[in-house]
Number of protein chains: 2
Amino acid sequence: METMTTFEEPIRAHVRRMMVAWNAHDMHAFAALFSADAEFVNVVGMWWRGRAQIEAAHVATHRTMFKDSQLSGEVAAVKAVRPDVAVAHLRWTMTGALSPAGARIPPRHGVMVFVLAKDGGEAWTIRAAQNTDIVEPPAPPGR
Amino acid sequence: METMTTFEEPIRAHVRRMMVAWNAHDMHAFAALFSADAEFVNVVGMWWRGRAQIEAAHVATHRTMFKDSQLSGEVAAVKAVRPDVAVAHLRWTMTGALSPAGARIPPRHGVMVFVLAKDGGEAWTIRAAQNTDIVEPPAPPGR
């Protein structure tokens, strides 16, 4: 059960808008949630610098491997660093992604961290995001 | 070549201390660089909450897979979110890690993001960190 506070709710809403934009494959709306100088590191360690790079990279992948993908998840934690700076963690599941050969791949799970700030006005923007797949450990070696 | 500023240098130094503590396998010194309520997501999506969990998890891995590991890298970016809040990115290389079977594994590369804050006094502490392996894309399917 989520604890909702006046502080947390607009941040949770901002992260949910990211998922809505992803699921609509509207990468302009997606990128608009980030600041102009935002940093984004994806699950394989690709690092995009600035909103324009973030948009271009996601436009490319949403034409291919992510074109039918759907993202869902829960904002599992929100912490205030300052009254106008926060760190939020999203636990997510992605379905419908495609392999390079065009086959559906099984659902993936991960954790994404966001640094958000209010920079003039009341709106939050994402200043940095980093995404990591949850990888189950391999079975211990057999005897 | 790094651009050094009065703002950036103490932050770069703090991240370098993290690598020094790692390489000495001193996980108490490592954890002391984090705030009491810090969040840490590792490369396989394990999420530790608070300094005590961060220390305990790293004590365990530095007895096993990371006991001979060495971390090096460059603080590739530092950005001020506020005068007393920053986001820093480390590009790192790890050598000497062991597989579950005890064999040396090849060097790994990754990107680690840090959210740092000054909370009373002049010292920076890490409020959140997340780590992601750099994974080379698979070769395109052959014909």
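Q: Does B:H62 count as buried or exposed?
A: In this predicted model, B:H62 is found in the loop between helix 3 (51-61) and strand 3 (70-82) of chain B. Its relative accessibility is 8%, and a residue is classed as buried under 20%. B:H62 therefore counts as buried.

Q: Which residues does B:H62 touch, not counting residues up to four places away in sequence?
A: A contact here requires heavy atoms within 4.5 Å. With residues up to four places away in sequence left out, the residues that B:H62 touches are B:W22, B:H25, B:M27, B:K67 and B:S69.

Q: Where is B:H25 found, and what is its phi near?
A: B:H25, one of the residues that B:H62 touches, is found in the loop between helix 1 and helix 2 (27-31) of chain B. With a relative accessible area of 26%, B:H25 is partly exposed. Its phi is a positive value in a residue other than glycine, near 55°.

Q: Which residues is B:M19 in contact with, leaving aside its neighbours within four places in sequence?
A: B:M19 is found in helix 1 (residues 8-23) of chain B, and at 7% relative accessibility it counts as buried. Leaving aside its neighbours within four places in sequence, the contacts of B:M19 are B:L71, B:S72, B:G73 and B:L90.

Q: How many Å apart in space are B:M19 and B:G96, C-alpha to C-alpha?
A: Along the sequence, B:M19 and B:G96 are 77 residues apart. In space, taken from C-alpha to C-alpha, the distance between B:M19 and B:G96 is 14 Å.

Q: Why does A:V59 count as partly exposed?
A: A:V59 has its place in helix 3 (residues 51-61) of chain A, and it lies 44 residues in sequence and 19 Å in space, C-alpha to C-alpha, from A:V15. A:V59 counts as partly exposed because its relative accessibility is 27%.

Q: In what order do the elements of chain A run from the N terminus on?
A: Chain A has three helices and six strands. From the N terminus on, the order of these elements in chain A is α-α-β-β-α-β-β-β-β.

Q: What radius of gyration does chain A have?
A: The C-alpha atoms of chain A fill a box of roughly 55 × 40 × 25 Å along the principal axes, and buried residues make up 47% of its 143 residues. A compact globule with 143 residues would have a radius of gyration near 15 Å, which agrees with the value for chain A, 16 Å.

Q: How many Å apart are the mean positions of the positive and negative charges of chain A?
A: The accessible surface of chain A comes to about 6900 Å², and 61% of that belongs to carbon and sulfur atoms. Chain A has 15 positive and 14 negative charges, and the distance between their mean positions is 4 Å.

Q: Which residues form one aromatic cluster in chain A?
A: Over all chains, a search of the whole structure finds 14 aromatic pairs. One aromatic cluster is formed by A:W22, A:F30, A:F34, A:F40, A:W48 and A:F66.

Conventions:
Residues are numbered from 1 along each chain as its sequence is written. Chains are lettered from A and ligands numbered from 1 in the order in which they are written. This is a predicted model: local features need pLDDT of at least 70, side-chain atom pairs count only at pLDDT 80 or more; totals for chains, interfaces and linings use all residues. Side-chain values use heavy atoms; hydrogens and water are left out. Helices (H or I, at least four residues) and strands (E, at least two) are DSSP runs, numbered from the N terminus. The radius of gyration is taken over C-alpha atoms; the globule rule is 2.2 Å times the number of residues to the power 0.38. Buried means under 20% relative accessible area, exposed over 50%, partly exposed in between (1.4 Å probe, protein chains only). Accessible areas come from the Shrake-Rupley method with a 1.4 Å probe; for residues, only the protein chains shown count as cover. Lys and Arg count as positive and Asp and Glu as negative; His and the chain ends are not counted. The place of a charge is taken as NZ of Lys, CZ of Arg, CG of Asp or CD of Glu. Rings of Phe, Tyr and Trp (its six-membered ring) pair if their centres lie within 6.5 Å; planes under 30 degrees apart count as stacked, over 60 as edge-to-face and the rest as tilted.
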